[in-house]
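Thanks for coming. I will take the interface between the chains, then the domains, then a few strands. Here is the model.

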Amino acid sequence: MSKTQYPRRRFLKTGAAAAAAVGLGFPMVGRAQAKTIKVGMPTILSGRVAMLGTSSRNAVMTEVEKFNAAGGLGGRTIEMVIRDSKGQPQEAARVARELVNTDGCEVIFDCEASSGAFAVHEVARDLGVLCLHNISETSALTADPKNRIPNAFRTARQGIHDSIAGGSYAAGVAKAKGIKRWMTCSPDYAYGRDTTAEFVEYLKHFMPEAEVVGEAWPKLFQPDYTEVVTKIVQTKPQALYSCLWGGDLTSFIDQGNLYGLFQASEIFAVNMADYTTLTVVKNLPRGIHSGNRYIKTFPKTGANAAWGDAYRAKYNEYPTNWSWESALGMQFLTEAMKKVNSADGKKIAEALRGMKVQTPFGADGTVTMRAEDQTVVGYAVGWGTTIPGEPYVPEVTAGDWNLILRLEAEWKKRKGFG
Amino acid sequence: MRRDTLRDLAVAVIAWAALMVFPSIYESKFAIDFVIRMAAFGIFAASLNLLVGVTGMVSFGHGMFFATGAYGFGLLMQKAAISIPLAMLLTVGASALVALVVGAICVRLKEIYFAFLTLAFQMLLHSLIVAWVPLTGGDQGLTGGLPRPVFLGIDLAKQSHLYGFSATLLVAMLLVLRHLAETPFGYTLRLIRDNPERAHFLGVKVFWMRLAAFVAAGSIASVGGIIMALFVSGAFPEFANWTMSGEAIFMIMLGGSTVFLGPIAGTAILLVLNDFVTRLTEHYGLTLGLIILLFTLGLRKGLLDFIADAIARRRERAGQGG
Amino acid sequence: MDFATLANCLGSPACVVTQATSGLIIGMLLFLVAAGLTLIFGVLKVINFTHGAFYMLGAYFAYSIFRVTDSYTLAVIGAALGVGLFGLVFERLFMSRVYGSNVLMQLLVCYSFILILDDAVKLIWGPEFKSMGMPPTFMRPPLFIAGGVVPPFYLFLIGVTCFIGIVLWLVIGRTRFGKIIRAAAHNPGMVSALGLNTEMIYGLVFALGGLLAGLAGGLAAPVRSMVSGMGFSILIESFIVTVIGGMGSIIGAFVAAILLGLTRSFGSLGFPLFVDGAMFLIMALVLVIKPSGLFGKEA
């Protein structure tokens, strides 16, 4: 369990102060001589995806403590106000508004997923406040012109990038091993459908002979995968692609093991290389191809390993994909603030466009915030095979960003995103 | 009867005026957002009470009309270039139609079976919304925001205008529900609630009355959905999830199902608790759960019902003593 | 819709065996949970919305006991007894206070407990999902029966749940305790007038229901990951089973659970996108045609 006293104390203080303020009728906005820069973070801290919020918070607090310890912004420290939306999009919208309107937050550091992120996006559009989306991987959030607003940025990975890298890697393996018959098994919701469709598209782009002979679409958080597993057993594909994640992937592996699924086909599981799954699954099959959610061994740099170790030492658990994305987001925010020496949202947004940061999570040690659609590129994307013990994924083949960017541009045109 | 109607009207006008004047006296963006949400959920819960409290029909699927309201309005505003009042009219009409069809199948069932069938219909709607991605955006919801063209000088893109609009709708819908409940129509519904066989023998067309109540409740609930769609500038499949129906039931239970304003009180209680607990602690479930538990075990009925009963008992005792 | 695949499967014994076993396993675990739910409703006329949380507790208890003792048997027994005890306490201290009130008030009590338990589980075991792992006894390759694939662990589960089902049926049908429970369901006033402690009966019924749910949670623990809030989907499914089978009927729960299990497993071949929809549709049809369910008594 992670240590949560530090943010909770802040929370309680802020909460009590806010409650008192509301009770006494003094608006919190525009307090004169405010010393701290308040950053509001709507996220999910309860329910099935509580891990998202807790691991993001851990990573964010580490970055914030570093920033504050180094003097902050000319003496002004960052104060995080983290609030739980319980995964309900209307709560996410309400919390985001409350953070800005009542708690005086100058930035929305959005750590909501899928529909929650879109709800917060509309709040950012409405209020014009600076907003960083750190978790949502839905390409449409930044690619679709109708969602483009000057004050919103995404510091998370994008589904389309992962799919291009995955398709290219998988085609390479398939060609080497003579694999033509594929099957997919992914959760039946936007992320599952889009990611799978894009993977298949790029698999066929690199290897036109590949053929999808069957699909399975279990429901998200479905406890029982037996009928899905037996369907795969009946179809006998040479390779199986899945973007199941977290507890679902764990259950799927446990139940698939009973049927010998992982010896029968070559498995490509995008979300396998995440420590939460790697450390939890008791009988981890060998040789599963996986994309990198967060793995200490990729990028194979001292900085990345050090960041992972430091997180593990402080919080007694491994970092997640959400952890590095949130850390990256806070890195962008603090560096942009320092660059313009201001906490003003518009100035920070100006600085963010096109900004390049040195970071352990960059494919070449850097990540860039692309100006045209305000989303990050150049982060570490790669695939490797698993072993049932540390370091879990010893060798990772890096994705080629030139290839990714070229194909992404074509994809955007095809989708009418211009 | 006429005097009561005038009294209700007077109370409504005073309440409305107070709500409209309030932001000028006390400036708080939090209060403005709170009232808008109160309107959305309050209309939803109060409409459900027409079924639960007045007619004795417990519906577990009322959220389906909240969703038809939000999605209907959201889709019309995004795809068709029509005015907000027209979109609202069409949305409420469409919800009424859905209520008619669903109600015709459901209302002949008794009690718990009625509850489960309405739930089944709601879950079917939920599956439909999530599956029909090209139309509804699937589980991401309607993204891109809702256009809000100005009508009659009201610009709903401004939160202050949305506040006035929602407050007006809240008072208006409550008046409509009050009228339905306090007229022969409402009395017949109560008769059906208390003794359906007797009502039948008295010549009441029980099925049609129940259906009428169902359609009325569904149509009014969709107005709540419209307000929510405006608040979040979109619509999400969570609105069609049965947890939304559950929230409405809890609001009625917390506030009371017998006293007319019970559901509104319950909405206020639940929203205040929700907002406060979320700010103060991350252990939302534990805290809120304990509070609700103590509340239910302590009062064993909705707050306004509890107060009303206490007052009635005191009057009785005073009557007996004197 | 892929009826060709479904037809092909029905023609091949290997496929039928594989799909039938998977349908049975889904159904049997569902039966255990639904049996508890239907029993509580049958006797107490209470819809136990906390039932999904009971299942969750069973899974977590089993996980912890297995971590400490490395024994699957102890883990399952511990889970069953632990949740049974919890069910008893829950009924005596909380549910019994709201029997006289509106049924929706009981729902509110259950809901508050779901909130509390989901958070408690997150606090005690942590927010990340957990997996118990397969006990070494069952780490074997699958069996091949008539060409169909059948994991030994699933055969074990089907056997155990069948056994429990039979025991339950015998207890309710043949023992004195079962007679008392059935009598209390039929006419609590008379049972009380005969000098029996109805309160204790109610408590024991809730304990039994909880025991069954906890047992299911523990039995399934090796193959299903656990996380706070996992009870939700189990709850919905067991409701559908109870409604289709008839509230208060254990035979009904059994038949409905198997029906749903087979629908899921063969449906995933024939109509993979409508499996969930099919379940709600069947429930809707039953409610419209015979609301009391396949084996329910007309109220």
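How many residue pairs are in polar contact across the interface of chain B and chain A? The rule finds 13, with both residues at pLDDT 80 or more; a polar contact here is a pair of N or O atoms within 3.5 Å, where within protein one must be able to donate a hydrogen and the other to accept it, and residues adjacent in sequence count only if both atoms are side-chain atoms.

Some housekeeping. This is a predicted model, in which local features need pLDDT of at least 70 and side-chain atom pairs count only at pLDDT 80 or more, while totals for chains, interfaces and linings use all residues. Residues are numbered from 1 along each chain as its sequence is written, chains are lettered from A and ligands numbered from 1 in the order in which they are written, and side-chain values use heavy atoms, with hydrogens and water left out.

Back to the interface. On the chain B side, the elements giving two or more residues are α2 (29-54), α10 (206-232) and α12 (262-280). Helices are DSSP runs of H or I with at least four residues, strands are runs of E with at least two, and both are numbered from the N terminus. Of these, α12(B) gives the most, with six residues. By class, that side has 12 nonpolar, nine polar and eight charged residues. In this scheme Ala, Val, Leu, Ile, Met, Phe, Trp, Tyr, Cys and Pro are nonpolar, Asp, Glu, Lys and Arg are charged, and the others, Gly among them, are polar.

In total, 29 residues of chain B and 39 residues of chain A take part, contact meaning heavy atoms within 4.5 Å. The two chains bury about 3,200 Å² between them, 54% of it on carbon and sulfur atoms. Buried area is the accessible area (1.4 Å probe) that two parts lose on being put together, summed over both. In chain B, the residues that lose the most area to chain A are B:Gln140, B:Arg279 and B:Glu282, together 25% of what that side buries.

There are also five salt bridges across this interface, each a side-chain nitrogen of Lys or Arg within 4 Å of a carboxyl oxygen of Asp or Glu. One of them pairs B:Asp33 with A:Arg97, with the closest N and O atoms 2.8 Å apart.

Now the domains. Chain A is divided into domain 1 (34-136 + 302-376) and domain 2 (160-298 + 381-412), with bounds from an automatic or database domain assignment. Their C-alpha centres lie 29 Å apart. In contact are 21 residues of domain 1 and 18 residues of domain 2, and the two domains bury about 1,500 Å² between them, 56% of it on carbon and sulfur atoms. On the domain 1 side, A:Asn304, A:Tyr318 and A:Asn321 lose the most area, together 34% of what that side buries.

Which residues form a salt bridge here? A:Arg370 and A:Glu408 do, at 2.8 Å from N to O, and the count between the two domains is four. α12 (302-315) and α13 (321-340) of chain A each supply at least two residues of the domain 1 side. The largest share, six residues, comes from α12(A).

Last, the strands. In chain A, β10 (residues 289-294) runs antiparallel to β14 (residues 382-385), joined by three bridges; pairing requires at least two bridges found by DSSP. A:Gly291 stands opposite A:Trp383. Three bridges also join β14(A) to the antiparallel strand β15 (residues 396-398), where A:Gly382 stands opposite A:Ala398.
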